[in-house]
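Here are my notes on the nonpolar core and the aromatic pairs. Please read them with the model open.

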Amino acid sequence: MLRRKRITEIAAVILAVGLCIGAEADEAEAVNYDWATEDFLTEDEALRYEGEGYASPEEAVLAYLEAFRDKDIKRMLSTFAIETLMDHFQFDTYIERMSMFNPLFYYLPGDSEYTKAVNIESRRAHLAIYIGYAYGSLYAPDYDWSKTEALKGRTAQEFVDDYFRDEDFMDKIELTGEFIDPVQAFPHYAGESIQRSIAIQSKEYEPDEIQDRIAVLKIDGVEYIQCMSTIRYGDKWYNLNLSGYIGSVLGLYATRGGLAPREMIQ
């Protein structure tokens, strides 16, 4: 009788341990499950920020805008070259082009796995900040995002009430699928000096190709443009950065995240 009781106790412990292991496995699988593809990710895939890449610059930009509309920050980040960019990034080429080293620059020299991991996280964080700028430029459309502003006797809540609107504007984003030729928006963009400057500035990324795109979208009935630089490695296109070179020559402030009312280029 005692022996049977002992066996029962051991069986209960084994069952409990098995349930715990199963729960941990289920939790791990939940973390590694890709709801977009309805499949489980490998360990390497689960640790990557960037996605599979796209067949064209337009597809990369539209994928970002769809994720922006859906308020899905992970999908937004996945449209950018992050790990692949760090695989190609040449620190020496960058500082030689700048003829200086700025400690505020967010990448570090070195080929170690740790340095690469730090640079990948810096790249992700940098992109997230500019995505935040894009959102902020819509959240407070009347605020001058090119400068700081004192409270001038206002409370923080009064400042927010003066500039920030209800967040339901994100539910009123419509993707038109229209793209504007950068040369149409800025005829000098096709000029030799600008194209040479783009080639020089992008050299440290070792791209197979760089192209800018301007997408059109509507937000609460108002037409906006989204400027973006895209980059190709092999046969895959990724987004490189918000605003891009075309945004710079159009005079968009970095704190707009490449977004601006369409009327700016009309």
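The points below start with the basis of the model and then turn to the core and the rings.

1. This is a predicted model: local features need pLDDT of at least 70, side-chain atom pairs count only at pLDDT 80 or more, and totals for chains, interfaces and linings use all residues. Residues are numbered from 1 along each chain as its sequence is written, and side-chain values use heavy atoms, with hydrogens and water left out.

2. The largest nonpolar core has 53 residues. Such a core is a set of buried Ala, Val, Leu, Ile, Met, Phe, Trp, Tyr and Cys residues joined through side-chain atoms within 4.5 Å. Buried means under 20% relative accessible area, exposed over 50%, partly exposed in between (1.4 Å probe, protein chains only). Among the residues with the most contacts inside the core are Phe68, Phe89 and Ile231.

3. Leaving aside residues up to four places away in sequence, Phe89 touches Tyr94, Phe105, Tyr107, Glu204 and Tyr205. Contact means heavy atoms within 4.5 Å.

4. There are 14 aromatic pairs. Rings of Phe, Tyr and Trp (its six-membered ring) pair if their centres lie within 6.5 Å; planes under 30 degrees apart count as stacked, over 60 as edge-to-face and the rest as tilted. Phe91 and Phe101 form a tilted pair, because their ring centres are 6.0 Å apart and their planes at 55°. Phe91 counts as buried at 10% relative accessibility. Phe101 counts as partly exposed at 46%.

5. Tyr143 and Tyr163 pair edge-to-face, because their planes stand at 80°, with centres 5.1 Å apart. Both tyrosines, Tyr143 and Tyr163, are buried.

6. Ring pairs also join Tyr135, Tyr139, Phe164 and Phe169 into a cluster.
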